[in-house]
Amino acid sequence: MNTERNLPEGFEQLEPYVESWSIAGAANRSRRRIDSSEQERVAFFNAAKELAGPALALLDQKPLDQLDDRETRLMNLILSLAHVSLAVEIQGDDEPKHAKNSRHITITRASSDFNA
Amino acid sequence: MAESPATQHIELDEDHAHLGTGPIPAGPYYQPEYFDLEREAIFRRTWLQIAHISELPEPGSFIVRPVEIARASILITRGRDGEIRAFHNVCTHRGTQLVSDDSGKRSLFSCPYHMWTFSDDGELRSAPDFERFYVDKSQCSLSKVAVDVCAGLVFINLDSSPEQSLREYLGPFAEELEQLPVARATTFSEYTYEIEGNWKLTYDNFQENYHLRFIHPRSGEAANGPQNPFGYPIRYGFHGPHRTQTIWSNPDARPKPFQTFGFMKGAEFAIKDGFGASAQGKEYYAIFPNLFILGSPMTPFSQSVVPISANRSRGIIRMYWIGEDDCASRRFAREYAMATARDIHSEDRAVIQAGQRGLESGALSHIHFQSQEILCRHLFQEVDKRVEAYRAERDAARAKA
């Protein structure tokens, strides 16, 4: 088992979600939400929702282009949470129907894709 | 310049009947013949928003944008003198499209066919073996297109001598747009969709709230409530072919916990950027023919509904930001705002397409708009007025010939 830490200290609870949800690129994060199962989304949302505040407080201490690899992973996790929260908290059991429509809307550019 | 008349407002419960009550013919929403008339009557002679000034950040910047309905490609440059100019992206030698890149930085543009080379002010700078031609270089400049900027939005007009300046065309809305984040934006996020829907049918979806509770039951929860079950606007405003609605939002809405977190982050940066509560914050502008701008600094989006054919369009939604992401919280706030708006927009496409399929069957000769679909009625009236005027102009020219 890989025991190497992928995230800054204090965010160990989110380690199991790094592989699936720490994704570069807004379009990729949006697509991952659409392709995910309800079980995956709910588990990630419940684990991460209370940590978004502390994560941003930590990351805000540095300019974005100076984030190290662990911090960058955490940033991308929290950005994925923005998408996933809408599925879990707003759409709920409408998400499968919503995802079908959402596939036709393409993110062509996002501010988070620059200087990432 | 004559002073522009003020915007005419109608409050929610006021009588709207003076703007018409009759059914609307269905044909204009799917017939290719009507679309062809719209091309000439509207899109070849009206100011069309095509870009944002942030896409031309410095001298030498250029962009190329299609105007499919006019079968045109437009080259827009920022010259060494800082001036924005627009041209047909067509080499004046034998009509080859000059630039194939969508954007870049360059002050000379060479046609790939025979290397005619133009400067960013459109002049023909050099052409190989030019002595063998029977024309002067000064007569070979790129074909100019009228261009102007308001609130950071770049508009073009394919009419070589537009009837009105852009400012005259926008009237009092010009000044209001100048107050919005779009006017100060230096960058934007963007999402797009292709739709099998006529541009008016598509556009209409985004200017009536009657559908909100049925199509956006979850994402649009805060947009209606027991006091206003359909989430109708507080008032409507009209200026010439343009219109606006003042959006109502439910004061008793209870955002979900993470949603509150996302909105609060957005509000924090809206305030930092100098956008507090403003007269424009709840305005949703519909600029004729095909542009929307939402005044909210929390969700500062525009949508262009680009006509492709009688039954195909493209939606381009942009959210405008002042400065690049400068910290993690701002980056998160922008991602959350974009994802939220995108969720709402994505719910409309399927039902618009269903409308298009229904209309194209020819089953209906007419459709009906209620008083709270007044903005849809106004769009049709403004389109049809221009189409009829063009038809008369064309028939008169034919009779003369």
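Colleague: What makes up chain A in terms of helices and strands, and in which order do the elements run?

Modeller: Chain A has six helices and one strand, where helices (H or I, at least four residues) and strands (E, at least two) are DSSP runs numbered from the N terminus. Read from that end, the elements follow the order α-α-α-α-α-α-β. This is a predicted model, in which local features need pLDDT of at least 70 and side-chain atom pairs count only at pLDDT 80 or more, while totals for chains, interfaces and linings use all residues. Residues are numbered from 1 along each chain as its sequence is written, chains are lettered from A and ligands numbered from 1 in the order in which they are written, and side-chain values use heavy atoms, with hydrogens and water left out.

Colleague: Why is chain A called as compact as a globular protein of that length?

Modeller: The radius of gyration is taken over C-alpha atoms, and the globule rule is 2.2 Å times the number of residues to the power 0.38. For 116 residues the rule gives 13 Å, and chain A has 14 Å, which is close to it, so the chain is as compact as a globular protein of that length. Along the principal axes, its C-alpha atoms fill a box of roughly 40 × 30 × 25 Å.

Colleague: How do you know whether Y390(B) is buried or exposed?

Modeller: Buried means under 20% relative accessible area, exposed over 50%, and partly exposed in between, with a 1.4 Å probe and protein chains only. Y390(B) has 14% relative accessibility and therefore counts as buried. This residue lies in helix α10 (residues 374-400) of chain B.

Colleague: Which residues are in contact with Y390(B), leaving aside its neighbours within four places in sequence?

Modeller: They are L37(B), E40(B), A41(B) and R45(B), where contact means heavy atoms within 4.5 Å. Two of these names, L37(B) and A41(B), are also among the buried residues of helix α1 (residues 32-43) of chain B. The buried residues of α1(B) pack against α10 of chain B, and also against β3 (48-52), α5 (199-205) and β18 (301-309).

Colleague: Why do β8 and β10 of chain B count as edge strands?

Modeller: The order of this open sheet of three strands is β8-β9-β10 (chain B), with antiparallel pairing. β8 (108-110) and β10 (124-126) each have a single partner strand, so one side of each is left without a neighbour in the sheet.

Colleague: What makes the phi of R71(B) and of A151(B) worth a remark?

Modeller: Most residues other than glycine have a negative phi. R71(B), although not a glycine, has a positive phi of about 55°, and A151(B) has a positive value near 55°. R71(B) sits in the loop between β4 (61-67) and β5 (72-78) of chain B, and its 63% relative accessibility makes it exposed. A151(B) sits in the loop between β11 (144-150) and β12 (153-157) of chain B, and at 2% relative accessibility it counts as buried.

Conventions: Two strands pair if DSSP finds at least two bridges between them.
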